[in-house]
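Let's take a walk through this structure, from one end of the chain to the other. Keep the model open as you read.

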Amino acid sequence: MAQHQYYCEECGKHLFDSEKDGGAAGAEAQQKGFVFKMPILFGIEGCHFFCSKDCWNKWLNSHTTEQERADGNRSAREIRQRMEADKPKLIEGLQRIQRAFEIAKNRRKK
């Protein structure tokens with residue numbers, strides 16, 4: 001498998017090498033304490049890697065307009081609010097699934 005080198009997109013610092021790519025490399029970056037972003041809500045596609053939140057913020061400010069940032073932040077807030085509002089339904093559904101598994105498990109024991 002090909003080895004990928006990841007660098008901070010703002011300051012150019014070498015972050016790490018990995019055989020992983022895309023989101024899998026992003027998860028690895030976060031485990032190593034780096035910042036990984038997929039800023040689709042700001043109109044930017046792809047996976048982006050940064051050494052710190054400061055570098056991420058500088059990069060975002062130089063690659064977006066104030067309006068794009070405002071729109072992206074508003075969209076993120078709306079998504080978080082919808083997720084929070086849907087949480088009780090999700091929990092109820094998961095509890096029903098858990099009860100069904102427990103019933104099936106108890107039936108197998110008999």
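One term before we start: strands here are DSSP runs of E with at least two residues, and they are numbered from the N terminus. Also keep in mind that you're looking at a predicted model.

Start with the hairpin. Strand E1 covers residues 4-7, strand E2 covers residues 14-18, and the two pair in the antiparallel sense over 4 bridges. Look across from Tyr6 and you'll find Phe16 of E2 standing opposite. Between the two strands of this hairpin sit 6 residues, and in that turn Gly12 has a positive phi of about 85°.

Now for the inside. The largest nonpolar core has 18 residues, and those with the most contacts within it are Cys8, Leu15, Phe16, Phe49, Phe50 and Trp56. At least two core residues each come from E2, helix H1 (22-31), strand E3 (35-37), strand E4 (48-50) and helix H2 (53-63). H2 gives the largest share, with 4 residues.

Cys55 lies in helix H2. Not counting residues up to four places away in sequence, Cys55 is in contact with Cys8, Glu10, Cys11 and Phe50. With a relative accessibility of 9%, below the 20% cut-off, Cys55 counts as buried.

With cysteines in contact like this, how many disulfides does a search of the whole structure find? The search turns up 0. Take Cys55 as the example: the closest cysteine sulfur, in Cys51, is 3.6 Å from its own sulfur, which is too far for a bond because a disulfide needs the sulfur atoms within 2.5 Å.

Finally, follow the chain into helix H3, which runs over residues 66-109. H3 has 44 residues and reaches 62 Å from its first C-alpha to its last, close to the 64 Å expected at 1.5 Å a residue. There is a bend of about 45° at Lys87, with a proline, Pro88, following within four residues. Along H3, the residues Arg69, Gly72, Ala76 and Gly93 are buried, and H2 is included in what covers the buried residues of H3. To get a sense of distance, compare Cys55 with Arg74: they are 19 residues apart in sequence, and their C-alpha atoms are 22 Å apart in space.

Definitions and conventions:
Residues are numbered from 1 along each chain as its sequence is written. This is a predicted model: local features need pLDDT of at least 70, side-chain atom pairs count only at pLDDT 80 or more; totals for chains, interfaces and linings use all residues. Side-chain values use heavy atoms; hydrogens and water are left out. Two strands pair if DSSP finds at least two bridges between them. A nonpolar core is a set of buried Ala, Val, Leu, Ile, Met, Phe, Trp, Tyr and Cys residues joined through side-chain atoms within 4.5 Å. Buried means under 20% relative accessible area, exposed over 50%, partly exposed in between (1.4 Å probe, protein chains only). The expected span of a helix is 1.5 Å times one less than its number of residues. The bend at a residue is the angle between axes fitted to the seven residues ending there and the seven starting there. Contact means heavy atoms within 4.5 Å.
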